[in-house]
Amino acid sequence: MGEGTKRMENLFAVAFTAWGAPTTWLELVAVIVALAMVACNIRQIHWGWPLAIISSAMYFALFWNSKLYGEAALQVFFAVVALWGWWQWLHGVRPDGSALKVSTLSLAGTIKTIAASAGFTWVVALFLINYTDSDVPWLDAFPTALSVIGQFLLGRKFLENWLVWLIVNVASVGLFAYKGLWLTTGLYTVFALLSVLGWWQWKRALTAP
């Protein structure tokens, strides 16, 4: 047995049991990294983006192992988009050439966001139904699709990203509880609360002189 295989087995070894379901070391470390990432996002610290890449790699392995293929594929997207988001926070500008800062969506932008969320959810669900053995295609597709939208809004510092993440996190709590990923269920419960905190913090930044 190779060293790489042993390391993978160690990552999926049980760290502790919560409510009758085992929690692996991989899930435990992924939770810690993810919390650090969100804390950076709330405070608009750009180091949250490289933490997002690390967290996504961990959760890809965790979700794939749990047959949550939509969520697993989303982690690949997150890792790639994190590079874009990192560049945006360091060098991005508004269409008028001004520095990138917290702003709000226009009415047209809001309508496009809702339409894109609905359309992408439908596309992802159909893919999961037809090409995977997912047992929760729609429940997997909904937070997957909205997470794509939320990541874009976060990268461009739109205040509404926190509302999207709140919806994503509440839906994810139900999904991960169903799958018995109790530590991640707890994490997304905390994420939901942090989404409210993020909205409040960014709202203050929006109105600051």
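A: Let's start with a term. Helices (H or I, at least four residues) and strands (E, at least two) are DSSP runs, numbered from the N terminus. This is a predicted model, where local features need pLDDT of at least 70, side-chain atom pairs count only at pLDDT 80 or more, and totals for chains, interfaces and linings use all residues. Residues are numbered from 1 along each chain as its sequence is written, and side-chain values use heavy atoms, with hydrogens and water left out.

The protein chain has eight helices and two strands, and from the N terminus on they run α-β-β-α-α-α-α-α-α-α.

Now to the cavity. Rolling a probe the size of a water molecule over the atoms shows where empty space is left. Here, on a 1 Å grid over the protein atoms alone, a cavity is a set of points where a 1.4 Å probe fits but cannot get out, and lining residues have an atom within 4 Å of a point.

Who lines it? The largest cavity has 25 lining residues, and Met37, Val38, Phe78, Trp165 and Phe191 lie nearest its centre. At least two lining residues come from each of α2 (25-42), α3 (48-65), α4 (69-91), α6 (137-155), α7 (161-178) and α8 (182-207).

As for kinds, the lining has 15 nonpolar, nine polar and one charged residues. Ala, Val, Leu, Ile, Met, Phe, Trp, Tyr, Cys and Pro count as nonpolar, Asp, Glu, Lys and Arg as charged, and the others, Gly among them, as polar.

Phe191 turns up again elsewhere: together with Tyr59, Phe63, Phe176 and Tyr188, Phe191 forms one aromatic cluster. For this, rings of Phe, Tyr and Trp (its six-membered ring) pair if their centres lie within 6.5 Å; planes under 30 degrees apart count as stacked, over 60 as edge-to-face and the rest as tilted. The structure holds 14 aromatic pairs. In one of them, the rings of Phe127 and Tyr131 have centres 5.3 Å apart and planes at 35°, so this pair is tilted. Both residues lie in helix α5, four residues apart, about one turn of the helix.

Definitions and conventions:
On a 1 Å grid over the protein atoms alone, a cavity is a set of points where a 1.4 Å probe fits but cannot get out, and a pocket is an open set with protein on both sides within 12 Å along at least five of seven lines; lining residues have an atom within 4 Å of a point.
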